[in-house]
There are 2 protein chains.
Amino acid sequence: MRKRKKTYSCGLEAALAVTGGRWKFLILWVLSHQGTKRFGELRRAVTGISEKMLIQELKELELDGIIGRKDFKEVPPRVEYSLTALGIELGEATQPLCDWGAKNIERISGQPMQVEPAMAS
Amino acid sequence: MRKRKKTYSCGLEAALAVTGGRWKFLILWVLSHQGTKRFGELRRAVTGISEKMLIQELKELELDGIIGRKDFKEVPPRVEYSLTALGIELGEATQPLCDWGAKNIERISGQPMQVEPAMAS
DNA sequence: TATAGTACATACCTTTTGGTATGTGGCCGT
DNA sequence: ACGGCCACATACCAAAAGGTATGTACTATA
């Protein structure tokens with residue numbers, strides 16, 4: 001079972017309980033901007049993530065009702081992941097943060113932002 | 001020295017490089033909603049944080065230009081932390097996420113949200 | 001027969017994160 | 001003289017996060 005705090009000091013803390021970790025925001029970003037994806041597609045889209053992490057994060061996001069999982073019961077396996085209504089809202093709430101990052105990253109990293117092929121639309 | 005990725009796949013990844021970790025968003029939240037605070041006030045305002053973490057996160061946020069530090073050179077020590085212009089923008093960009101969390105947390109945690117005294121405005 | 005693709009699961013290990021405890025400097029109150 | 005206050009610093013340890021390597025079941029392809 002997952003252990004989760006029972007009370008939160010503010011909405012932000014609650015949101016972070018769902019989106020915490022290094023990868024969840026990025027998975028969300030891909031599903032939000034590129035729509036439904038298969039497991040293998042996600043692995044290629046989220047640059048640098050390992051299979052173990054992807055499995056784990058997808059499972060947690062599903063438990064939290066952020067994404068939906070559709071298993072086609074085919075061989076070879078075919079599974080599709082997409083955002084739920086709740087996930088779509090979360091993606092939208094994340095957009096300003098994304099914009100802030102895009103605007104200010106040069107100032108922060110001292111490096112111009114570069115879009116890697118895998119993540120480019 | 002801090003090690004930081006040189007390139008980011010999207011603005012979100014860049015923003016997370018600055019706001020990552022368990023506490024930075026919460027420190028930001030306090031400074032954004034409650035204004036300038038001294039070290040000790042912050043420690044009491046951010047429920048559960050240890051001194052070590054607070055020192056560390058404040059230092060990183062300062063290096064990233066999110067917060068400003070004013071040392072009054074008094075004895076006993078008196079230091080004030082506040083958001084820079086960049087930090088204020090970041091706080092605003094975070095607001096939708098905060099709102100999303102406040103709206104949906106019951107659905108997610110199965111528990112009604114509770115505002116603890118220390119964090120209540 | 002052998003290999004590759006698909007969506008996982010799992011054991012094992014390293015790295016990162018975070019907490020506790022303790023120390024420091026200098027002034028102030030007792 | 002002694003402890004307390006304040007804003008740190010730092011050593012040490014525990015826990016969590018995350019990576020690598022390997023295995024599984026089944027089919028299709030060479």
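Reader: Hi! How many nonpolar, polar and charged residues does the surface near DNA strand C have?

Author: Hello! By class, that surface has 9 nonpolar, 3 polar and 6 charged residues. Do keep in mind that we are looking at a predicted model.

Reader: Noted. Which residues come closest to DNA strand C?

Author: There are 18 residues around DNA strand C, and the closest are G40(A), P76(A), P77(A), V79(A) and R22(B).

Reader: Let's turn to DNA strand D. Which residues come nearest there?

Author: Of the 18 residues around DNA strand D, the nearest are R22(A), G40(B), P76(B), P77(B) and V79(B). The elements giving two or more residues to that surface are helix 4 (51-63) of chain A, plus helix 3 (39-45) and helix 4 (51-63) of chain B.

Reader: How many residues of each class does the surface near DNA strand D have?

Author: Near DNA strand D you'll find 8 nonpolar, 3 polar and 7 charged residues.

Reader: Now the sheets. What is the strand order in chain A?

Author: Chain A has an open sheet of 3 strands in the order 1-3-2, with antiparallel pairing. Strand 1 and strand 2 of chain A are the edge strands, each pairing on one side only. Helix 2 (residues 24-34) of chain A packs on that sheet and touches strand 1, strand 2 and strand 3 of chain A. The direction of helix 2 of chain A makes about 85° with that of strand 3 of chain A.

Reader: How many bridges does strand 3 of chain A make with strand 1 of chain A?

Author: Strand 1 (residues 37-38) and strand 3 (residues 79-83) of chain A pair over 2 bridges, in the antiparallel sense. Here R38(A) stands opposite E80(A). On the strand 2 side, 5 bridges join strand 2 (residues 67-71) of chain A to strand 3 of chain A, and these two run antiparallel. I67(A) has L83(A) as its bridge partner.

Reader: What about the sheet in chain B, what's the order there?

Author: In chain B, an open sheet of 3 strands has the order 1-3-2 and antiparallel pairing. Its edge strands are strand 1 (37-38) and strand 2 (67-71) of chain B. Strand 2 of chain B is joined by 5 bridges to strand 3 (residues 79-83) of chain B, and K70(B) stands opposite E80(B) in strand 3 of chain B. Helix 2 (residues 24-34) of chain B packs on this sheet, with a direction about 85° from that of strand 3 of chain B.

Reader: Last topic: how do the helices pack between chains? At what angle do helix 1 of chain A and helix 2 of chain B pack?

Author: Helix 1 (residues 11-19) of chain A and helix 2 of chain B pack at about 165°, with axes 10 Å apart. So helix 1 of chain A is roughly antiparallel to helix 2 of chain B. The crossing of these two is right-handed. L12(A), E13(A) and L16(A) make the contact from helix 1 of chain A, and F25(B), L26(B) and W29(B) from helix 2 of chain B. Those contact residues divide into 5 nonpolar, no polar and 1 charged.

Reader: Nice. And helix 2 of chain A with helix 1 of chain B, at what angle do they cross?

Author: They cross at roughly 165°, and their axes come within 10 Å. Helix 2 of chain A is therefore roughly antiparallel to helix 1 of chain B. This crossing is right-handed. F25(A), L26(A) and W29(A) of helix 2 of chain A meet L12(B), E13(B) and L16(B) of helix 1 of chain B.

Methods: Residues are numbered from 1 along each chain as its sequence is written. Chains are lettered from A and ligands numbered from 1 in the order in which they are written. This is a predicted model: local features need pLDDT of at least 70, side-chain atom pairs count only at pLDDT 80 or more; totals for chains, interfaces and linings use all residues. A residue is near a molecule or strand if its C-beta atom, placed from the backbone, lies within 6 Å of it. Helices (H or I, at least four residues) and strands (E, at least two) are DSSP runs, numbered from the N terminus. Ala, Val, Leu, Ile, Met, Phe, Trp, Tyr, Cys and Pro count as nonpolar, Asp, Glu, Lys and Arg as charged, and the others, Gly among them, as polar. Two strands pair if DSSP finds at least two bridges between them. Two residues are in contact if their C-beta atoms, placed from the backbone, lie within 7 Å. Axes are lines fitted to C-alpha atoms, for helices over the stretch in contact, and angles run from 0 to 180 degrees between N-to-C directions. Angles under 35 degrees count as roughly parallel, over 145 as roughly antiparallel, 65 to 115 as roughly perpendicular and the rest as oblique. A crossing is left-handed if the near helix is turned anticlockwise from the far one by less than a right angle, and right-handed if clockwise.
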